[in-house]
Amino acid sequence: MLGEQAKNGDIAGIKKDVNSWMWSEQRYCGLRRDLTKPYQAPKADIDLHAVPIEDVADKVFGVEGLSERDATYLERRRRIFDAGFKGGFVAVTADNDPAYLQWLIPPSQNALTADFFGPLFPLDDETLVVEGAWIPPTYRKANVFGEGLSLVTEAAAKAAPDATSAVCFPELANKGAVRGSALGGYEISHLRTDTWRLGRRTVTFTDITVDDVNRMVPGTIK
Ligand SMILES: CC(C)(COP(=O)(O)OP(=O)(O)OC[C@H]1O[C@@H](n2cnc3c(N)ncnc32)[C@H](O)[C@@H]1OP(=O)(O)O)[C@@H](O)C(=O)NCCC(=O)NCCS
């Protein structure tokens, strides 16, 4: 991870990550979607449909002109792809241009998920693990998140018919991601707290509500 940041010239990112590893507390908002119930997401400003990442991987990872931060985000998603995770889907425009990237990792890969991400997800045999959301800068501020996430969730649910729910854990402070996940049909359920003390991580889960989230990060869910 630090190697990617060095390659992208993201020195501020490196400092932040080393400090976080020494002594920090990071909070993530857990949201769950019931895959057995229908959900209609609000339409994006552009027409979208979902395809497997394998169909458009060159385009996804070939986006040019990114900021250092976005280059690092995309590099991390490349690592997820290279690790062999299933359930990668992309919401593309009518011209097949990638507008929303996401993995919904099936339970058959729980061992790989635990190995790759650590103890970050409550894994079971019926839940898809949602990771790696990214919207290329060109498609931000176009109401893509809600419909994009909803479309890829439905495509992933079809590909893994035994799964009954999907969970995601955007950073609590990332209002765009928490709000977008809610618009994608996911309901706020848990707070995950990752505590780092001199390189040792402790992960805890507690129940929370929409009101709790709005209290902690005002204006997240309107
Ligand atoms: C998060 C993301 C998908 C949202 O895209 P979007 O729905 O088009 O919305 P925007 O980019 O306009 O962001 C919406 C809000 O979230 C904030 N935001 C975006 N990325 C953020 C981040 N990484 N951390 C904190 N806040 C973030 C924006 O500042 C904006 O705040 P505002 O509403 O107060 O202006 C997109 O910004 C993105 O791909 N970011 C980088 C990768 C990422 O953070 N992925 C989420 C992992 S769960």
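User: How are helix 6 and helix 7 oriented to each other?

Analyst: This is a predicted model, where local features need pLDDT of at least 70, side-chain atom pairs count only at pLDDT 80 or more, and totals for chains, interfaces and linings use all residues. Residues are numbered from 1 along each chain as its sequence is written, and side-chain values use heavy atoms, leaving out hydrogens and water. The axes of these helices (DSSP runs numbered from the N terminus: helices H or I, at least four residues; strands E, at least two) come within 7 Å and cross at roughly 55 degrees, an angle taken on a scale from 0 to 180 degrees between N-to-C directions of lines fitted to C-alpha atoms, for helices over the stretch in contact. Under 35 degrees counts as roughly parallel, over 145 as roughly antiparallel, 65 to 115 as roughly perpendicular and the rest as oblique, so helix 6 and helix 7 are oblique.

User: Which residues of helix 7 meet helix 6?

Analyst: Contact here means heavy atoms within 4.5 Å. From helix 6 come Phe145, Gly146 and Leu149. On the helix 7 side, the partners are Gly176, Ala177, Gly180, Ser181 and Leu183.

User: How many residues of that contact of helix 6 with helix 7 are polar?

Analyst: Nonpolar covers Ala, Val, Leu, Ile, Met, Phe, Trp, Tyr, Cys and Pro; charged covers Asp, Glu, Lys and Arg; the others, Gly among them, are polar. The contact of helix 6 with helix 7 has no charged residues and 4 nonpolar ones. The number of polar residues is 4.

User: How about helix 3 and helix 4: what is their relative orientation?

Analyst: Helix 3 spans residues 53–61 and helix 4 spans 68–82, with axes 12 Å apart and a packing angle of about 150 degrees. Helix 3 and helix 4 are therefore roughly antiparallel.

User: Which residues of helix 4 make the contact with helix 3?

Analyst: Helix 3 puts in Ile53, Ala57, Val60 and Phe61. By class, this contact has 6 nonpolar, 2 charged and no polar residues. The helix 4 side is Leu74, Arg77, Arg78 and Phe81.

User: Is serine 24 buried or exposed?

Analyst: Serine 24 lies in strand 1 (residues 23–34). Not counting residues up to four places away in sequence, serine 24 touches Asp194, Thr195, Trp196 and Arg197. Buried means under 20% relative accessible area, exposed over 50%, partly exposed in between (1.4 Å probe, protein chains only). At 12%, serine 24 is buried.

User: What is the relative accessible area of lysine 141?

Analyst: Lysine 141 is in the loop between strand 5 and helix 6. Its phi is positive, about 55 degrees, although lysine 141 is not a glycine. Lysine 141 counts as exposed because its relative accessible area is 86%.

User: And what is the relative accessible area of asparagine 96?

Analyst: Asparagine 96 is in the loop between strand 3 and strand 4. Phi is near 70 degrees, a positive value in a residue other than glycine. Asparagine 96 is partly exposed, at 31%.
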